[in-house]
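Trainee: I would like to learn how to read a sheet and the helices packed against it, so could we go through one example together?
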Amino acid sequence: MPRRTRPLLTAALVAGALAACAAPPDGAAPATPEPGASTSGFPLEVTTCGLTTTLEAPPQRIVTIKSSATELVLALGAGDRLVGTAFADGDLPPDLADAAPPVLAEQNPAAEAVLDLEPDFVYAGWESNLSADGAGERAMYEELGVATYVAPAACKSPEHQPDRLTFEHVFDEVTEMGRVLGEPEAATELVERQRAELAAVDPAGEGRTALWYSSGSDTPYVGAGIGAPQMLMDAVGLENIAADVADTWTSLSWEAVADRDPDVIVLVDSAWNTAEHKREILSANPVTAALPAVIEERFVVVEFPAAEAGVRNVPAAADLAAQLAALDLGEPVP
């Protein structure tokens with residue numbers, strides 16, 4: 001389909017969606033809160049990435065974009081209110097694997113597709129998901145009466161971006177989303193459980209240095225100093241070789257990686273760029289093939305969805321710690 005210009009698209013969306021929002025589909029009754037959802041505290045104002053949205057009641061027709069958003073809605077027991085999900089970064093984690101949320105798109109959906117579902121709430125894991133080049137700008141949805149929320153960890157402007165991201169920021173999002181969904185007790189229970197699990201994590205990295213290898217072959221894209229990779233490396237005692245870069249992820253030359261000679265390499269695993277493929281890249285590249293961490297296969301693996309702020313972070317920290325312990329690294333080199 002030929003790509004239309006954004007102004008024309010926006011105009012068409014506004015006209016079409018206003019008509020759609022004027023009445024429920026097929027004469028259906030207006031959405032009412034689920035029986036179990038608490039309406040206490042509504043109307044509710046929440047602000048993310050500098051934009052405030054108001055919810056008159058817990059949302060009943062939710063669209064999520066990115067795995068982190070979908071998984072948090074499911075974890076808080078509101079999966080039956082999902083009318084569409086998009087941009088899954090991988091399979092659901094084992095504790096949510098029985099859920100089968102409706103899939104709207106493999107990646108960013110078009111704004112028309114989102115609006116066709118007549119959502120009352122759109123929850124995005126990345127700020128760019130709700131942009132002119134993504135599923136439409138937040139302002140457009142707000143004008144149509146559709147509340148929006150972006151994961152606070154994903155805010156890109158310095159005044160709103162966590163610097164640096166901690167597990168407390170992640171728990172704050174869980175708690176806030178519990179209020180948004182009218183599921184505050186579920187959020188409290190989830191945070192308490194994850195705090196206990198985090199407290200039990202063994203910092204098995206013990207001060208060793210590490211590269212967080214996310215993607216890229218000519219130039220690797222790596223975990224930098226203020227985002228989820230740094231938070232996870234802190235939790236398991238690893239010193240990030242790219243911690244001096246004040247960003248969530250960054251490009252780093254292979255020569256710089258070799259100069260910093262990491263003790264351990266964290267491989268991010270995804271269906272489109274597997275951990276095994278990254279091993280092959282490291283072994284084939286003459287700059288990295290001679291690194292002791294590559295020769296001795298001091299690798300640990302993290303699934304892509306767990307590499308972004310969300311409910312998978314604590315289980316990922318525990319898993320990384322277990323993998324580090326299994327490497328039997330011995331005493332750290334002074």
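**The sheet and its helices**

Mentor: I62 stands opposite L82 in β4. This is a predicted model, in which local features need pLDDT of at least 70, side-chain atom pairs count only at pLDDT 80 or more, and totals for chains, interfaces and linings use all residues. Residues are numbered from 1 along each chain as its sequence is written, and side-chain values use heavy atoms, with hydrogens and water left out.

Trainee: How many bridges join β3 to β4?

Mentor: Strands of a sheet pair through backbone hydrogen bonds, either parallel or antiparallel. Here β3 (residues 62-65) and β4 (residues 82-86) run parallel and are joined by four bridges; two strands pair if DSSP finds at least two bridges between them. Strands (E, at least two residues) and helices (H or I, at least four) are DSSP runs, numbered from the N terminus.

Trainee: In what order do the strands form the open sheet?

Mentor: The order of the five strands is β5-β4-β3-β6-β7, with parallel pairing. Because β5 (103-105) and β7 (147-150) stand at the edges with a single partner strand each, one side of each has no neighbour in the sheet. From one strand to the next, the twist averages 20°.

Trainee: Which strands does helix α2 touch?

Mentor: Helix α2 (residues 67-75) packs on the sheet and touches β3, β4 and β6 (121-124), where contact means heavy atoms within 4.5 Å. The direction of α2 makes about 135° with that of β3; axes are lines fitted to C-alpha atoms, for helices over the stretch in contact, and angles run from 0 to 180 degrees between N-to-C directions. Helix α5 also packs on the sheet, touching β3, β6 and β7.
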